[in-house]
Amino acid sequence: TFVIGAACVDVMDRACVEECPVDCIYTGDRMAYIHPTECVDCGACEPVCPVEAISLAGDVPAGQEGFVATNAAFFDTPLPGRDSALGSPGSAAQVGDLGVDTPFVAEYEK
Ligand code: F3S
Ligand code: F3S
């Protein structure tokens, strides 16, 4: 899967959201998150991000390994203020802006 890293935090340009053919890039508060199993690895999002925040999970920049786990945690653990995990909604457009981040991202200092 592809993941979104630190460069997206407090930028959240959303060009990637428009580009993804399977609509699997979900928006939080400070950044966006790629659904690890809904992503079909097409790679279309990677070149359109103006801050180069997107990479393959196995190829994240040094020191950003935590973003691999946090892209997954956004979906498989309950977000702050919610009772249950998002799971696999199948469409970011249908879900809309979530407006919250994983604790890792909420506390991340750029
Ligand atoms: Fe979508 Fe990017 Fe995956 S465009 S399918 S999130 S590689
Ligand atoms: Fe973030 Fe880049 Fe997408 S800033 S929302 S990963 S286009």
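Start by selecting Leu-98, which is partly exposed because it has 18 other C-beta atoms within 10 Å. A residue is buried if 20 or more other C-beta atoms lie within 10 Å of its own, exposed if 12 or fewer, and partly exposed in between; the C-beta atoms are placed from the backbone. Leu-98 sits in the loop between helix 3 (92–95) and helix 4. Helices (H or I, at least four residues) and strands (E, at least two) are DSSP runs, numbered from the N terminus.

Before moving on, note how to read the model. It is a predicted model, in which local features need pLDDT of at least 70 and side-chain atom pairs count only at pLDDT 80 or more, while totals for chains, interfaces and linings use all residues. Residues are numbered from 1 along each chain as its sequence is written, and chains are lettered from A and ligands numbered from 1 in the order in which they are written.

Now show what Leu-98 touches. Not counting residues up to four places away in sequence, these are Tyr-26, Thr-27, Gly-28 and Leu-79. Two residues are in contact if their C-beta atoms, placed from the backbone, lie within 7 Å.

Is Thr-102 buried or exposed? Thr-102 is buried, with 24 other C-beta atoms within 10 Å. Leaving aside neighbours within four places in sequence, Thr-102 is in contact with Thr-70, Ala-73, Phe-74 and Leu-79. Between the C-alpha atoms of Thr-102 and Pro-80, 22 residues apart along the chain, the separation is 7.3 Å.

Next, select helix 2 (66–76). Its buried residues are Phe-67, Thr-70, Asn-71, Phe-74 and Phe-75. Look down the axis of helix 2: these buried residues fall within an arc of 140°, so they line one face of the helix. The arc is that of the directions from the helix axis to the C-beta atoms. An α-helix has 3.6 residues a turn, so residues three or four places apart point the same way. Strand 1, strand 2, strand 3 and helix 4 (103–106) are among what covers the buried residues of helix 2.

Turn to the largest nonpolar core, which has 27 residues. A nonpolar core is a set of buried Ala, Val, Leu, Ile, Met, Phe, Trp, Tyr and Cys residues joined through C-beta atoms within 7 Å. Ile-4, Ile-25 and Ala-32 have the most contacts inside this core. Two or more core residues come from each of strand 1 (2–4), strand 2 (25–27), strand 3 (32–34) and helix 2. Among the residues that Ala-32 touches are Ile-4, Cys-8, Met-12 and Ile-25.

Show the ligands now. Which residues come nearest to ligand 1? Of the 14 residues around ligand 1, they are Phe-2, Cys-20, Cys-39, Ala-44 and Cys-45. Ligand 2 also has 14 residues around it, of which Cys-8, Asp-13, Cys-16, Ala-32 and Cys-49 come nearest. A residue is near a molecule if its C-beta atom, placed from the backbone, lies within 6 Å of it. The shell around ligand 1 has eleven nonpolar, one polar and two charged residues; that around ligand 2 has twelve nonpolar, no polar and two charged residues. Here Ala, Val, Leu, Ile, Met, Phe, Trp, Tyr, Cys and Pro count as nonpolar, Asp, Glu, Lys and Arg as charged, and the others, Gly among them, as polar.

Move to the loop between strand 3 and strand 4 (54–56), where Gly-43 is found. Gly-43 is exposed, with 11 other C-beta atoms within 10 Å. Asp-41 is in this loop and counts as exposed, with 9 C-beta neighbours inside 10 Å. Its phi is near 60°, a positive value in a residue other than glycine. Glu-52, also in the loop, has a positive phi of about 50°.

Finally, zoom out. The protein chain has four helices and four strands, in the pattern β-α-β-β-β-α-α-α along the sequence. Of its 110 residues, 31% count as buried.
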